[in-house]
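Here's a quick briefing to read alongside the model. Have the sequence open next to it and follow along.

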Amino acid sequence: MAQNGLKPSISTLGIISLGAGGVIGSSWIYTNSQFFHQYGAGGEIFGLLAASVLAILVSLSFAELSTVYPKAGGEVVYGYEAFGKKGGMFAGWALLGSYLSALAFYVTASSMLLSQIIPKIATGPTYSFAGVKVHYTELILGVLITLFIFAINYRGANLTSNVQIVLFILLVVIGVVLVVVGFSHGKPSNFWPAFYDHQAKTPEIFRFILPAMTFLTGWESIGVMAEEVKTPARKIGRIVVIAIMIASAYYLLVLLASAWIHPWQSTATMEMGTIDAFKAEGFPILGTAAFVISFLGLGTSFLALFSAAPRLIYSLAEQKILPSYFANVHPKYGTPSRAIVMTLVLVLSLGWLGKGALTYFLDIGGFLTALAWGINAFNLLAIRKKYPDLKGGFRIKHLSLPVIGGVIAILIALSTIIPGTSVSLVWPYEYVILGIWVIIGLISYVAGKKK
């Protein structure tokens, strides 16, 4: 560890807000138009439900290990303890890639949302990626928002968690209102049947599990930031499971409410999903409220993942897996300052790809998330075998539960890299991006080993 270490400054409510709020992003509330059209309302909602069950099973391994090793980096530490440097690198690099995939999308997603209020933002000179235009004004604004998130994180975990608490409480209050109105004024026939007549139900549900994993990532940040939490280590495990349950329930209830209040087939033809669905049913204020959720969700996810990613880099450097240069702790703010700067560089270097890369970021993020989740189940098995008497405040009685979740997660990840199937990554773009990430990891590992 760096000489002065990371400072415990995050409250219990703060770490719950970072964990659950880190999961609840922004794009899900308006991209359900696209996903309803592609997968059917049932494909998205039931696929998200399946992914949520999987996430809860997997979270059990994180919950136990976070109480045994309440250290910065979370899965990096678990992988290192289980399988040495290669294990730490493999686990940490997968989770880091997952977080960066989401963060890169937020760079232009933030300005894209603002352009719905101020259309002039989406004017002027443009460039294109994957056939989608990105205005330079959108990119500049997104970069400025990213720099703001960077500044909050740089100045300390306490400031980050306090901002997160406020945003998360607002997010929950607005979500509850949407759910109550959606179910009280809607009807089941708007949702059912939940698929198009021509659709094969099971494949559509299965295919959506991959992007759903990207929607559900973020709760792992609790273990990643455990060293900076004032809550006793024995309680962290329960918080991990509670956070993913809160986030999953939030997603499912709000999406189902939007399909309940307005026919989902009609929502599938709209531009802004849940936002437009509530407006179409005569609730313009609630449509605006759903729009506000997208802003708040973007803020909570941006903050949480931008907090967690540097801790992964910091931990990789601490374990001498990456160059020790990144294990520096700021003398005043107690943050992994160099790792935070590196995160900024990585996010901005990907963020310019813009809205056209949404599917790429979701798919690659889902693959890396599935990989990281699966790896951790085997980290737990290896640590239990090596240290049978090592116990924290949370211990799983039925070890088969996280193992089943881990095996399923890895099978899902492996199925996506087999070309030519209905769940394959997009050729060649997603394979190229994934290959570049692997190469960067290998170069970083070799550089850290030489140091």
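Gly 406 touches Val 58, Trp 373, Gly 374 and Ala 377, leaving out residues up to four places away in sequence. Keep in mind that this is a predicted model.

**Around Gly 406**
- Gly 406 counts as buried because its relative accessible area is 0%, and the cut-off for buried is under 20%.
- Between Gly 406 and Ala 372 there are 8.9 Å in space, C-alpha to C-alpha, for a separation of 34 residues in sequence.

**Ser 301 in H11**
- Look for Ser 301 in helix H11, which covers residues 284-318.
- Ser 301 is buried too, with 0% relative accessible area.
- Setting aside neighbours within four places in sequence, Ser 301 is in contact with Gly 21, Gly 22, Val 23, Ile 24 and Gly 25, and also with Tyr 106 and Phe 306.

**Where H3 meets H12**
- Helix H3 (residues 75-117) and helix H12 (residues 337-351) have axes that come within 8 Å and cross at roughly 60°.
- The crossing of H3 and H12 is right-handed.
- On the H3 side, the residues in the contact are Leu 100, Leu 103, Ala 104, Val 107 and Thr 108; on the H12 side they are Thr 343, Leu 346, Val 347, Leu 350 and Gly 351.
- Sort that H3 and H12 contact by class and you get 7 nonpolar residues, 3 polar ones and no charged ones.

**More on H12**
- Does the length of H12 agree or disagree with what you'd expect at 1.5 Å a residue? It agrees: the 15 residues of H12 should span 21 Å, and the end C-alpha atoms are 21 Å apart.
- The buried residues of H12 are Ser 337, Ala 339, Ile 340, Thr 343, Leu 344, Leu 346, Val 347 and Gly 351.
- H3, helix H4 (136-154) and H11 are included in what covers those buried H12 residues.

**H6 and its bend**
- Helix H6 runs over residues 201-216, and its 16 residues should span 22 Å at 1.5 Å a residue; the end C-alpha atoms are 22 Å apart, so the two agree.
- Where does H6 bend? The bend is at Leu 210, by about 40°, and a proline, Pro 211, follows within four residues.
- Leu 210 and Pro 211 are both buried, and the buried residues of H6 also include Glu 204, Arg 207, Phe 208 and Ile 209.
- Just after H6 comes Gly 218, with a positive phi of about 130°.

**Loops worth a look**
- In the loop between H5 and H6 you'll find Pro 193, which is joined to Trp 192 by a cis peptide bond with omega of about 5°.
- Lys 320 is not a glycine, yet it has a positive phi of about 65°.
- Lys 320 belongs to the loop between H11 and H12, and at 47% relative accessibility it counts as partly exposed.

**Val 173 in H5**
- Val 173 lies in helix H5, residues 157-185.
- With a relative accessible area of 48%, Val 173 is partly exposed, because the cut-off for exposed is over 50%.
- Val 173 and Pro 402 are 32 Å apart in space, C-alpha to C-alpha, and 229 residues apart in sequence.

Notes: Residues are numbered from 1 along each chain as its sequence is written. This is a predicted model: local features need pLDDT of at least 70, side-chain atom pairs count only at pLDDT 80 or more; totals for chains, interfaces and linings use all residues. Side-chain values use heavy atoms; hydrogens and water are left out. Axes are lines fitted to C-alpha atoms, for helices over the stretch in contact, and angles run from 0 to 180 degrees between N-to-C directions. Helices (H or I, at least four residues) and strands (E, at least two) are DSSP runs, numbered from the N terminus. A crossing is left-handed if the near helix is turned anticlockwise from the far one by less than a right angle, and right-handed if clockwise. Contact means heavy atoms within 4.5 Å. Ala, Val, Leu, Ile, Met, Phe, Trp, Tyr, Cys and Pro count as nonpolar, Asp, Glu, Lys and Arg as charged, and the others, Gly among them, as polar. Buried means under 20% relative accessible area, exposed over 50%, partly exposed in between (1.4 Å probe, protein chains only). The expected span of a helix is 1.5 Å times one less than its number of residues. The bend at a residue is the angle between axes fitted to the seven residues ending there and the seven starting there.
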